[in-house]
Structure formats: C-alpha cells, structure tokens
Amino acid sequence: MQNLHADEDLTLLTVAADQAKRVLDIFPSTTAISVNTNSNYNRAATIGTSEAVSALDQLSHSTRPFVSQQVMKADQGYAEHVFLFSDFQKSYFEPSLLSKVDSNRVYHLVPLKAADIANVFVDSVYLADEFVRPDTEGRFYVRLYNAGNKAIPDCPVRLVIDNVQIAALSIDLPPKQITETTINFTIRGEGSKQAWVEVEDYPVEFDNLYYFVLQPSGRLAITEISSSEASPLQRLYQNEPLFQTQRFSPDNIDYARLNSSDIIVLQGIEEIPAALISTLETFVKSGGTLAIIPPLSERSSTYAALMQALAIPANLNTGSSTKTSLAIPSRDNPFFKTIFSDYDPKMQMPAAVRKLVWSRSSEDILKYRGGAPYLSRFDRGQGKVYLLAAPLQPEQNELVSHALFVPVMYRLAISSYKQEQQIAYRLQNSAISIPVQKQAGSENIYKLVKDSTVFIPEQQIRGGRLVFNVPPDLEEPGFYDLQLQGNTVGRFAFNFEKQESLLEQYSPAELRSFLSKDQQQVHVYDYSDTFSVKSEFEKRFFGVTLWKYCLILCLIFLMAEIALIRFL
C-alpha cells in the first residue's frame with residue numbers, strides 16, 4: 001500500500017483512508033464503527049464516526065503482512081456491513097475465502113488500482129566460498145528481481161558493511177526476471193559484521209534494503225589417523241590457516257580429542273582397532289565426516305568390520321595392481337564448483353590402482369574411465385563418509401602428484417564444515433536452530449534485542465542446540481542480538497518475505513469471478529473515486545432517494561408559473 005494510486009499522486013493507503021472517511025458520511029453519527037488494520041485484527045475497539053475519522057487520519061504503513069483469512073473472518077461483533085479497502089495483492093489475498101464469509105453480514109470489497117506494479121527487490125544473497133576470512137578478499141552473489149513489466153536500465157546497487165560503503169554499481173534489470181551479479185568484499189577485524197545491499201527504487205521503498213550478517217568462520221578441525229609421520233595430508237592441510245590439523249597413530253589415539261573433529265581421515269592404516277571402529281560409527285551418526293583411504297595391503301579383516309558398522313557395501317580388492325586412468329570430471333558437478341578457472345575437456349587425468357571397491361553410493365565424485373567409482377560420498381544419517389579407491393603412495397596413485405590433488409582434498413575437508421547460522425532470515429521463519437554452550441546459572445532465557453526493543457521467543461535447548469521461534473510481534477527488519485544474561489551470544493539479520501514485494505493485484509472482474517451466482521452478501525466495486533462508491537452503496541441499500549428530484553421539479557414548475565404570469 002506504499003505504491004501510488006493510478007489516478008492520484010497519493011499512496012494507496014492514503015486513498016484508502018480518504019475513501020473510508022467518505023463511506024462514514026453515509027451512516028448516522030451514532031453508528032458503531034470498528035477500524036481494523038493489518039496491525040490490530042480482532043482487537044479494534046468500537047467507536048463513533050468522529051473517532052473513526054480520527055483513527056483513519058492516523059493510519060500508517062505496517063510491516064505486518066496482509067492475511068486475508070484474518071480479515072474476512074475477524075470477529076466484528078454484530079457488524080452488519082464490512083468494508084475492505086485493499087489493493088488485493090495476489091501473493092497474499094486468498095480468493096477461496098470469499099465463499100466462506102459470514103452469511104449474516106454484507107461485505108463490500110473496494111479495490112484500489114495502483115499506477116504500476118513495478119518493483120525491484122533483493123531476492124537473496126549467498127557467499128561464493130563456504131568460509132568468511134578476515135582481511136581476505138571474498139565474493140558473494142546478489143540476486144535482484146524486477147517484478148515490473150518494463151526493463152530498468154542502470155539500477156543503482158550499493159553494498160554497505162558496518163556503515164561503510166564497500167561497492168557501488170549499476171545493473172540492467174530485464175522485466176519479470178532475476179538478475180544475478182557478484183560483488184567482491186573484504187572484512188576487517190574480528191567479530192560479526194552488519195551488512196546490507198541497497199537498491200534505489202521508487203515509490204515502493206520498504207524492501208530496498210536486504211540485511212545480512214558476515215560472521216568470520218572458525219578453524220576447521222582435521223584429524224588424520226595414519227602410521228606415517230610423513231603423510232602428504234599433513235603438509236597439504238598445514239598450508240591453509242583455516243585448517244587446524246592433528247595426527248594420531250593407530251596405537252596412540254586420544255579419543256576425547258577425536259570427537260571434537262570436523263573431519264577424520266583414516267589414511268592407509270593396516271589394522272583398525274575395535275574401539276576406533278565403534279568411535280567412528282558414533283562420530284558419523286552424530287553428524288561427523290569420515291574419509292577412508294585404503295592401505296597397501298589387501299588382507300586386513302578389520303576394514304570389513306568397519307564397512308559393516310557404517311552400512312557401506314565396500315571391501316578391499318585382492319590382487320589388484322593395475323593402474324587405470326580416471327575419467328574427466330563433469331564441470332557441472334557441485335563438488336568441483338570454483339575449482340576449474342578454465343575447464344579443459346581434454347585435460348590429462350591421473351591413473352590409480354583400485355584397492356577398495358564399492359557400489360551404490362550417494363554420489364560418485366570421480367570415476368575410472370571404465371565407469372568404476374574412484375571417489376564417492378555416502379550419506380549416513382546426519383554424517384557423511386568418503387571413500388577413495390587407491391592409497392596415497394605415488395606408485396599406486398598418481399593423483400598425489402597431479403594438480404587436482406590439492407583442490408580435491410581441500411574440498412573433502414571443507415565439505416565437513418557446518419554453517420550453523422544462515423547469513424539472513426525471513427521475518428516469517430518458523431524456527432531457528434543454533435549450537436550453544438551450556439551456561440551455569442538458573443536463568444537461561446535467551447532474548448532478541450534491537451536497540452531498546454526486547455523479544456523473548458519460545459525456546460528450548462535440545463542436545464546442545466538452541467531452538468527458538470521468531471516472535472510474531474517481531475515485525476521490523478534489521479539486525480537483532482541474541483542475548484543471554486545481558487551478554488550477546490549471536491547476531492541475526494531479518495528481512496521481509498519476498499511475497500510482499502510482488503505487487504500484482506486482483507482486478508474487480510477477477511474478484512467477481514471468484515463469487516458464486518447465489519452469493520449476494522459480497523459486493524465488489526469497480527475502480528472509482530469515493531463519490532462513486534458512496535453513491536453505489538446508497539442506491540443499493542437505501543434505494544433511490546426521489547425527494548431530491550421532486551424538489552427540483554417543484555422549483556422548475558414554480559419558475560415556469562412565474563414566467564407565464566409575468567409575460568402572458
């Protein structure tokens with residue numbers, strides 16, 4: 001209702017209030033009136049017409065979305081007439097409710113025609129990388145939607161981080177289409193950063209800002225279990241500051257530290273202890289990521305026990321020593337996204353033996369030329385298991401010395417990273433779940449705080465995670481701090497639902513088409529000014545008032561009689 005009216009240079013809300021005041025003139029001053037809006041469904045007091053006019057003058061835009069079910073079924077007491085002034089937005093108004101209205105009342109639907117349905121808003125934003133690294137250039141994608149029927153050239157777009165403009169650009173937006181663009185950014189210092197993307201769009205401005213939070217990523221805990229201290233994985237992962245690595249030998253495992261890992265790499269050990277098999281099974285079931293790289297020997301019986309515990313149809317392949325080249329990976333595979341800067345369909349691929357064989361995986365990431373899987377992922381509950389078919393010895397596996405080795409092993413590690421919190425949420429999100437540390441004390445009540453406004457959401461802690469519902473009274477978009485005992489433990493960004501930004505309307509003809517032929521208690525008015533609505537209502541419910549015409553005719557005959565007496 002922030003949109004402009006088709007015939008007046010006023011907002012639809014202003015025109016609706018003016019039309020409502022005109023309708024009040026129809027009724028006596030003693031009539032009981034109830035003014036209901038998006039913000040006070042079912043709670044509006046019964047007042048007189050003068051107070052109703054004052055209430056209409058004080059109307060302002062509400063961030064609460066239009067819910068047609070609440071409007072059409074609101075308890076208006078003994079109201080005989082219900083007037084609904086609306087743009088009848090297609091994304092929110094439910095036509096089916098017109099057949100379910102109270103048959104004891106008369107409903108008057110007064111559509112308001114907007115000058116245009118053009119509107120530009122941010123559909124979503126997402127990061128190109130799983131990690132947000134301080135003092136390192138990152139990139140994220142912005143998806144803009146032009147909901148209008150005309151192209152918009154050079155639409156201004158800005159990126160702001162912690163109240164500092166980072167980027168400004170102009171984008172051409174085709175009609176009825178999402179346009180995606182990339183923006184580079186760098187965050188300075190530690191801690192979460194408040195950021196937003198802003199578009200310039202008039203007259204509908206409520207959705208010109210899209211808020212999100214950039215939270216620097218924590219380090220990824222990688223644990224390798226191998227017999228050799230000179231493992232190629234140790235040298236590989238230690239070159240990346242985001243990785244925190246540790247290694248245990250099969251005979252000396254700290255199981256307490258093992259459970260705090262994001263990913264465990266079982267790298268070429270000959271025999272797997274029974275205690276380790278049980279620990280790995282629990283680790284995967286609880287959401288951990290496990291990568292298994294086979295040993296040189298094919299005679300280990302403990303691998304069969306591990307595969308059985310993980311419910312994976314795999315076993316060591318005895319007598320296999322022939323190397324086979326790998327097939328070229330598909331550039332459309334999400335695993336290889338951002339790995340290839342220039343994809344070469346004729347690239348030289350490494351060769352490897354096949355020590356570990358399996359079937360029926362969740363996804364085959366790399367294959368041999370014959371089609372057998374080389375690297376696959378198995379989804380097991382909340383966790384994942386990756387199998388590599390060949391050991392990491394160069395004579396057995398040429399991947400170790402190939403250019404793909406580093407990005408593939410990095411991607412395996414990164415796949416274990418869990419984004420515990422989204423960078424942005426919608427105001428109508430039903431529930432949010434984040435990990436929390438157990439706090440000592442009796443009052444463990446989490447609050448959402450924005451400036452001086454405090455909300456206490458419905459909440460409970462399950463298995464080390466806080467699950468809370470977005471409070472229904474939380475209506476303003478922006479940044480909210482999650483606080484416990486006065487301390488900030490998290491920050492969230494909330495935005496409007498996308499449906500509110502889609503401005504297409506039901507026309508009077510469309511609204512009438514939703515009514516049944518015998519439905520007489522619902523009347524739909526044409527697009528018109530307030531005088532037409534008032535006149536049509538009076539004709540329909542008060543009849544045609546003939547005394548005015550009688551008075552006019554009397555005056556005409558009186559003037560005719562005077563003329564006749566004077567001139568004849």
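**Ground rules.** I am working with a predicted model, where local features need pLDDT of at least 70 and side-chain atom pairs count only at pLDDT 80 or more, while totals for chains, interfaces and linings use all residues. Numbering starts from 1 along each chain as its sequence is written, and side-chain values use heavy atoms, with hydrogens and water left out.

**Gln505.** I found Gln505 in the loop between β28 (487-495) and α9 (508-513). Helices (H or I, at least four residues) and strands (E, at least two) are DSSP runs, numbered from the N terminus. Gln505 counts as buried because its relative accessibility is 13%; buried means under 20% relative accessible area, exposed over 50%, and partly exposed in between (1.4 Å probe, protein chains only). Setting aside neighbours within four places in sequence, I noted contacts (heavy atoms within 4.5 Å) from Gln505 to Asp87, Phe88, Lys90, Leu112, Lys113, Ala114, Glu510 and Tyr527.

**His81.** Next I checked His81, which lies in strand β1 (residues 81-86). At 26% relative accessibility, His81 is partly exposed. Its side chain joins that of His108 through a polar contact of 2.9 Å. I take a polar contact as a pair of N or O atoms within 3.5 Å; within protein, one must be able to donate a hydrogen and the other to accept it, and residues adjacent in sequence count only if both atoms are side-chain atoms.

**The sheet.** I traced seven strands in an open sheet, in the order β11-β10-β12-β13-β20-β19-β18, with mixed pairing. Two strands pair if DSSP finds at least two bridges between them. The edges are β11 (243-248) and β18 (363-367), each pairing on one side only. Strand β10 (residues 220-225) runs parallel to β11 over six bridges, and Leu220 stands opposite Phe243 in β11.

Then I followed β20. It pairs with β13 in the parallel sense over four bridges, where Ala291 stands opposite Tyr386 in β20. With β19 the pairing is antiparallel, over six bridges, and Arg380 stands opposite Gly383 in β20. The hairpin of β19 and β20 has two residues between the strands, and Gly381 there takes a positive phi near 65°. Five of the six residues of β20 are buried, so β20 is largely enclosed by the rest of the structure.

**The cores.** Which residues touch the most other members of the largest nonpolar core? I got Tyr374 and Leu387, in a core of 66 residues. Helix α8 (residues 405-414) gives the most to this core, with seven residues. Apart from it I found another core, of 25 residues, among them Val120, Phe140, Cys155 and Tyr210. A nonpolar core here is a set of buried Ala, Val, Leu, Ile, Met, Phe, Trp, Tyr and Cys residues joined through side-chain atoms within 4.5 Å.

Back to α8: eight of its ten residues are buried, so the helix is largely enclosed by the rest of the structure. The buried ones include Phe405, Tyr410 and Arg411.

**Cysteines.** How many disulfides does a search of the whole structure find? I came away with zero, taking a disulfide as a pair of cysteine sulfur atoms within 2.5 Å. For Cys554, the nearest cysteine sulfur is that of Cys550, 6.6 Å away. Cys155 is buried, with a relative accessible area of 3%.
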